[in-house]
Amino acid sequence: MQVILAESAGFCYGVKRAVELAQKTAEETQGCWMLGDLIHNTHVVNDLAARGVRKTDRPEALGAGDTVVIRSHGELKSVLDGLAARGVRCMNATCPNVVHIQELVSQAEQEGRQVVIIGEPHHPEVMGLASWCVHPLVFQGPEAVAEWVKNGDFQPEMPVSIVAQTTCIRELFESSCKILKKECTNVKIFDTICYATRKRQNEAAEIAAQVDVMVVVGDRKSANTKHLAEICRQNCSHVLSIEGADELSATDFAGCRVAGLTAGASTPAGIIKEVKTTMSEEIKSTETMEESFEELLN
Ligand code: F3S
């Protein structure tokens with residue numbers, strides 16, 4: 001029995017950068033703040049809290065003398081403006097890929113274009129992107145786009161610029177673009193799904209297609225982990241979505257010959273390693289049980 005581990009599993013460079021910046025800032029300042037969870041992983045957030053990165057959901061309570069680390073998903077423009085106005089020191093860990101989209105949508109709206117964002121409306125990154133515009137439209141996928149085209153204020157000649165949440169499922173983005181390309185005479189498409197996400201999703205699909213069981217590790221709040229599990233389910237009938245090794249048991253691997261393992265962008269390497277070790281142990285014990293059973297039958 002073999003375990004295939006995805007090379008791209010775990011921290012992407014944007015998450016790594018944010019966690020390292022928070023750790024460094026906490027050391028230098030003897031305590032700093034994060035607005036909500038710095039990344040969607042409880043273990044990492046608890047570890048940061050222990051190092052002095054305190055969490056607050058009330059940016060308006062911070063003032064001069066405070067230091068805050070901005071998460072890789074980015075923040076609402078109004079929040080950043082408010083922090084700057086009150087003299088709060090901002091260590092900005094917004095991923096450069098997200099900053100790029102913020103600039104794109106802001107520029108598009110200034111040019112009089114209708115900004116369309118394909119992503120999860122309540123995800124912090126998407127809310128942040130939308131805050132760089134006055135009249136953005138956020139759609140979860142092609143169904144919502146089609147509904148707008150049919151029943152909303154859509155006009156075929158209106159100039160539209162379309163972008164994606166960095167972790168959007170490719171199929172959702174492409175189907176949404178297809179509708180607008182067909183209905184709209186002036187559409188600009190910006191494929192803003194980040195390279196790390198693209199690589200992770202492609203690799204997960206490839207591995208899931210060749211294994212008996214696919215394990216996806218990541219926090220339940222993590223959008224990119226949920227998307228990974230969804231992609232794996234399209235390619236494998238037995239997918240386990242877990243937060244840590246303690247959720248696995250030998251029965252999960254009964255009768256399996258090949259297992260796959262991937263993890264979301266905010267899953268620390270230590271957790272992935274633990275899951276891989278547990279998978280190997282559980283698989284071994286299943287094989288031993290199967291061998292003993294066969295011996296009994298013979
Ligand atoms: Fe950045 Fe992509 Fe990670 S946008 S935070 S590198 S998932």
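Tutor: Start with a bridge in this predicted model. Serine 161 has lysine 188 in E9 as its bridge partner.

Student: How does the chain cross from E8 to E9, and what is the handedness of the crossover?

Tutor: The chain passes through helix H7 (residues 170-183), and this β-α-β crossover is right-handed. The label means that, with the strands pointing away from the viewer, the path over the helix runs clockwise.

Student: How do you know that strand E6 also pairs with E8?

Tutor: Apply the cut-off of at least two bridges again. Strand E6 (residues 114-118) is joined to E8 by five bridges, so the pairing holds. These strands run parallel. Valine 116 stands opposite isoleucine 162 in E8.

Student: Why is E8 called mostly covered?

Tutor: Strand E8 spans residues 160-164, and five of its five residues are buried. Buried means 20 or more other C-beta atoms within 10 Å.

Student: Which residues of E8 point which way?

Tutor: Val160, Ile162 and Ala164 point one way. Ser161 and Val163 point the other way. Both sets are buried. In a regular strand, side chains alternate between the two faces of the sheet.

Student: Why is glutamine 30 called exposed?

Tutor: Glutamine 30 has 8 C-beta neighbours inside 10 Å. Exposed means 12 or fewer, so glutamine 30 qualifies. Glutamine 30 lies in the loop between H1 and strand E2 (32-35).

Student: Why does glutamine 23 count as partly exposed?

Tutor: Glutamine 23 has 16 C-beta neighbours inside 10 Å. Buried needs 20 or more and exposed needs 12 or fewer, so 16 falls in between. Glutamine 23 sits in helix H1.

Student: How far apart are glutamine 23 and leucine 48 in sequence and in space?

Tutor: They are 25 residues apart in sequence. C-alpha to C-alpha, they are 6.8 Å apart in space.

Student: What span does helix H9 reach, and what span is expected?

Tutor: Helix H9 (residues 223-235) has 13 residues.

Student: Which elements do the buried residues of H9 pack against?

Tutor: They pack against H8, strand E10 (213-217), strand E11 (239-242) and strand E12 (258-263). Leu228, Ile231 and Cys232 are among the buried residues of H9.

Student: Which residues come nearest the ligand?

Tutor: Of the 14 residues around the ligand, Cys12, Gly14, Cys95, Thr166 and Cys194 come nearest. Helices H1 (13-29), H4 (96-110) and H8 (195-208) each supply at least two residues of the shell. H1 gives the most, with three.

Student: How does the shell divide by residue class?

Tutor: Eight residues are nonpolar, six are polar and none is charged.

Student: How much of the whole chain counts as buried?

Tutor: Of its 298 residues, 43% count as buried. The chain has 10 helices and 12 strands.

How values were computed: Residues are numbered from 1 along each chain as its sequence is written. This is a predicted model: local features need pLDDT of at least 70, side-chain atom pairs count only at pLDDT 80 or more; totals for chains, interfaces and linings use all residues. A residue is near a molecule or strand if its C-beta atom, placed from the backbone, lies within 6 Å of it. Helices (H or I, at least four residues) and strands (E, at least two) are DSSP runs, numbered from the N terminus. Ala, Val, Leu, Ile, Met, Phe, Trp, Tyr, Cys and Pro count as nonpolar, Asp, Glu, Lys and Arg as charged, and the others, Gly among them, as polar. The expected span of a helix is 1.5 Å times one less than its number of residues. Two residues are in contact if their C-beta atoms, placed from the backbone, lie within 7 Å.
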